[in-house]
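Reader: I am new to this one. Could you walk me through the terms and how they are decided?

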Amino acid sequence: MAKVFRSWDVDQGWLLPPSLHEFVPPGHRAHFVRDTVREALDLSAILDTYTEERGYPPYHPGMMVALLLYGYSRGLYSSRQLARACEERVDVMAVTGLNRPDFRTIAEFRKRHLVALSDLFVQVLRLCRAAGLVEFAHVAVDGTKLKANASRHKAMSYGRMKTAEPALAAEVDAWLERAREADAAEDQAHGAGRRGDETPDWMADKQRRLEAIRAAKAALEAEAADPPDPEDENGPGASSGMRWQGRPLRGDDGSPPDRAQRNFTDPDSRILPTRDGFVQGYNGQIAVDAAHQVIVAHRLVTNSADYRALVPLVDGVRAHLRRKPREVSGDAGFANEANLVALRERGITGYLAPGRARHGEADAAGRRRLTKMPLMSAMAARLKRAGRRSRYRLRKQVVEPVFGQIKQARGFRPFLMRGLEQVRGEWAMICTAHNLLKLAQADR
């Protein structure tokens, strides 16, 4: 007998429409994210913006929110990836109800409602707390460098700007003069109304680059004259006069130092040091509860230093959940005397690695002692005394895996948006999607 196979008739039409709930198995994340958005999240901040009764009906905002959050939870970040998934992936179809918004619609929706989408982080975090995923026993903080939507090779130092601007200006002027001479010759040969008198593309590109250099140079000079908030600068905003982490903020003449840089693609991003070299990007910082690795507070700045983030992150936990953690751990980047004083004032036990002592006096054996920082000295003694039993050891297994899940498991690397406020909103969506996945795992 010939073997009998199951039917494979791709031309057979469906007599009855299938249920969306049958597109993926029960308990799938697609069902959880869709139902959470429909039933548990307050979307009034988005819905209230749709007041115009005329025009073609737009896609339902709830569907668009569910699509974005589900896409972020599955490693789909760009609007083109999401639009393609609406046509090709049945799990995404189960979320959208077979709606197929194009990539422009998705991109415009995300951009238009970015603030409201960022605020969903607190709602999802409170759902995690209600599910028992946040215990406040131990919270670990850390920061990671994330690439901006810009190349570090598109940045130029102020010193190079000073030499490149006059050379490029002279080159552009020479080309303009040659173009005028060519226009005059062509007008004489072909007539004034004939083509041939447009600015050549090769000259226009140089001209646009000259304009970009002049704009970036002016911005650096404005920062040197009025340094911005130190939270959002990798340099300006010194806590000790005119220097920041050993680097001068201004030259002797009041202008920016030659090492000051600005990126032409995303001017808000900064060149930040990492273990693998330097990246053009931002510093994403989070506080993670040790019970189930739920992100309880997040923050994003352009400064590579982490120590300023400790107090805002800890206070953010209390603002979001109206309760403070009992313990907080952080690496040497968060450890200084002021942060330990702040934790003691809030009644929180801190475990911050002091790292190498930069201030103090050497004892008879030549070792540095933190004589000017008593809390740092006591912290170093406590961590050393506890050894392997120290609560500080929780930090690595609490906060660092979260960065691994975001950057490796879900493949988030460069930001899609540009500009500090836009990137902060995108970072909030990343943290919201992470917490949604933790909530989905607890629901099983």
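Author: Happy to. Buried means under 20% relative accessible area, exposed means over 50%, and partly exposed is what lies in between (1.4 Å probe, protein chains only). The model is predicted, so local features need pLDDT of at least 70 and side-chain atom pairs count only at pLDDT 80 or more, while totals for chains, interfaces and linings use all residues. Residues are numbered from 1 along each chain as its sequence is written, and side-chain values use heavy atoms, with hydrogens and water left out.

Reader: Why is Asp315 called partly exposed?

Author: Its relative accessible area is 33%, which falls between 20% and 50%, so Asp315 is partly exposed.

Reader: What makes Asp315 and Arg346 a salt bridge?

Author: A salt bridge needs a side-chain nitrogen of Lys or Arg within 4 Å of a carboxyl oxygen of Asp or Glu. The closest N and O atoms of Asp315 and Arg346 are 2.8 Å apart, so the pair counts as a salt bridge. Asp315 sits in helix H10 (residues 310-321) and Arg346 in the loop between helix H11 (337-345) and strand E10 (349-352), so the bridge ties together parts that are 31 residues apart in sequence. Helices (H or I, at least four residues) and strands (E, at least two) are DSSP runs, numbered from the N terminus. Arg346 has 26% relative accessibility and is partly exposed.

Reader: How many salt bridges does this rule give?

Author: The count is eight.

Reader: Is Arg34 buried or exposed?

Author: Arg34 has a relative accessible area of 6%, which is under 20%, so Arg34 is buried. Its salt-bridge partner is Asp35, at 3.2 Å from N to O, and Asp35 is partly exposed at 24%.

Reader: Which residues are linked in a network of salt bridges?

Author: Asp142, Arg395 and Glu400 are.

Reader: Why is the pair Tyr77 and Phe412 called edge-to-face?

Author: Rings of Phe, Tyr and Trp (its six-membered ring) pair if their centres lie within 6.5 Å; planes under 30 degrees apart count as stacked, over 60 as edge-to-face and the rest as tilted. The structure holds four aromatic pairs. In this one the centres of Tyr77 and Phe412 are 5.1 Å apart, which makes them a pair, and the planes stand at 75 degrees, so the pair is edge-to-face.

Reader: Which residues do the ring pairs link into a cluster?

Author: The cluster contains Tyr72, Tyr77, Tyr282, Phe412 and Phe415.
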